[in-house]
Structures are given as C-alpha cells and as structure tokens.
Amino acid sequence: MFAERLEKVDREIREACEKAGRRREDVTLIAVSKTNPAEAVREAFACGQIDFGENKAQEMVAKKAECPDGVRWHFIGNLQKNKVKYVVGNAVMIHSVSSVPLAAEIERIAAKKDLTVSVLAEVNIADEATKHGIGREEAVELVRAMGEMPHLSVEGLMCIAPPVEDPEENRPYFAAMRELLNEINAMGLPGVRLHELSMGMSGDYAVAAEEGATFVRVGTALFGARKYPI
Ligand SMILES: *Cc1c(COP(=O)(O)O)cnc(C)c1O
C-alpha cells in the first residue's frame, strides 16, 4: 500500500525535476505522518522513506521513541513557545518559524542544550489573513534576526500554499518563494545563505518541485486520508 503510493509520488517528483532540468536528489520528500501511528512510520521506513513531518511537538516525540533511530523528523507545525523544548534536539529541522520571539526561544533552548538548530522562516506568500506565517518584508527581518542567533542555522523559507483545485494556480506563489530566497541572499545578511525551499503538499508537490522546492511535504498522497482532522 505505502510502497505503491511512494513509488507514484517519487515518480512524479522525478518527472517534475526532469521537466525543470533539476536533479531528483535535489528534492527531499518528507512524508507527513501527523495523525498516523508510529506503526505507519515504521512501515514507510521499511520501504526506504527516511524523512517524516509532524506538526505537534509531543506527538512527534512520542512517535520518535517508537521508531528506528535512522528516521529524520521535521517539525512543520505551528509551534508554541512552551513546546520548543520538545522539538529542539528531536527534529532535524524546524520548518515553521514565524516570529522573532519564537526564534529567540528556539535560540535560548538550543544554547541551553548546546545544539545548533536548522530553521526555515515560514512565509505567508499568498497573504491569506487566516494562515500562519508572515509577509515578505517581515520574512526578511526574521531571517536577518535568525542569522544573528548563534545556535540557529537559517537554511531557507517555507510556505503553505492555498488549497486549490488546479495546482497550476499555486505556481506563481512557488515562483515568488524562489525569488524571495534569491532576493534575501543578494542582500548578503550576516550568517544568512539560504538554500532550502520547503513547499508543495499532496495537491501541488509536482508544480512546487518544478519551481525549485528542495523539500516537498506530502501527507495524504502517501498515507491516505488522515485518521482525524488537524
Ligand atoms: C498536513 C501538512 C502537510 C501535508 O498535507 P497533505 O495535503 O496531506 O499532503 C504539509 N505541510 C504542512 C505544514 C502540514 O500541516
């Protein structure tokens, strides 16, 4: 079941890369396992899937304890400051940093644990009032601030594109993310050299891969419909 879905998603990413003149290995597939049990992660890992995404801190930590050490956990959800302690040291990357105070709390906990945490700035590229993440100008300020935090390694940008019928509708947003990344790099901010774009979900990961995603975050296309709403 999972193996077949994985093969299909992998093939579509490969085709998107070919179309765009990119290499398949430049795009990491994150299997978003939120709401699925540890058993589903173990089954997927046995199929060769290594990177998994979770959006709740304690759920991630609990699942991690029940899965092989080789699993790479990505934190992709709205993170409350009092939950940072669960994520730092357990996630290989925090994709969803959306404010300077949150970044500062991650820095504080990382310093205490003597760790460096890889982070992305979550950008609300479509400017939807209801979504998490920040506008483009605030993103520059957040990236600048994170670049100056010694225990953060700021690697790139993340977005959640709007739900759409036709994934082509999100192509301009993905392209805008790539342009924003290039603009920020051109500013030459201290400690900042962005190279990751986390964008694309079950409905639009192929378009995101064509537009330069280095991480695509795919849940339902791999695991089927979620067991409970998020
Ligand atoms: C749930 C989730 C995904 C995966 O969504 P699907 O549409 O099931 O692929 C990706 N990114 C984030 C931040 C999520 O919360």
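Reader: In which loop does Gln49 lie, and is Gln49 buried or exposed?
Author: This is a predicted model, in which local features need pLDDT of at least 70, side-chain atom pairs count only at pLDDT 80 or more, and totals for chains, interfaces and linings use all residues. Residues are numbered from 1 along each chain as its sequence is written, and side-chain values use heavy atoms, with hydrogens and water left out. Gln49 lies in the loop between α2 (38-46) and β2 (51-54), where helices (H or I, at least four residues) and strands (E, at least two) are DSSP runs numbered from the N terminus. Buried means under 20% relative accessible area, exposed over 50% and partly exposed in between, with a 1.4 Å probe and protein chains only; at 5%, Gln49 is therefore buried.

Reader: Where do the buried residues of helix α3 fall when seen down its axis?
Author: In α3 (residues 57-65) the buried residues are Ala57, Glu59, Met60 and Lys63. They line one face of the helix, because seen down the axis they fall within an arc of 165 degrees. The arc is that of the directions from the helix axis to the C-beta atoms. Their cover includes α2, β2, β3 (72-75) and α4 (84-87).

Reader: Is Asn170 buried or exposed, and what is Asn170 in contact with beyond its neighbours within four places in sequence?
Author: Asn170 is found in the loop between β6 (152-158) and α7 (171-186). Its relative accessible area is 0%, so Asn170 is buried. Leaving aside neighbours within four places, the contacts of Asn170 are Ala161, Pro162, Val164 and Asp204.

Reader: What is the phi of Thr35, and is Thr35 buried or exposed?
Author: Thr35 is found in the loop between β1 (28-32) and α2. Thr35 is not a glycine, yet its phi is positive, about 75 degrees. With a relative accessible area of 7%, Thr35 is buried.

Reader: Is Asp114 buried or exposed?
Author: Asp114 is placed in the loop between α5 (100-112) and β5 (117-122). Its phi is near 55 degrees, a positive value in a residue other than glycine. The relative accessible area of Asp114 is 65%, so Asp114 is exposed.

Reader: How much of the ligand's accessible area does the protein cover?
Author: An oxygen atom of the ligand is 2.6 Å from an N or O atom in the side chain of Lys34. Polar backbone atoms also face ligand oxygen: one of Gly219 at 2.7 Å and one of Thr220 at 2.9 Å. Accessible areas come from the Shrake-Rupley method with a 1.4 Å probe, and for residues only the protein chains shown count as cover. Of the 390 Å² that the ligand has on its own, the protein covers 90%.

Conventions
A polar contact is a pair of N or O atoms within 3.5 Å; within protein, one must be able to donate a hydrogen and the other to accept it, and residues adjacent in sequence count only if both atoms are side-chain atoms. Contact means heavy atoms within 4.5 Å.
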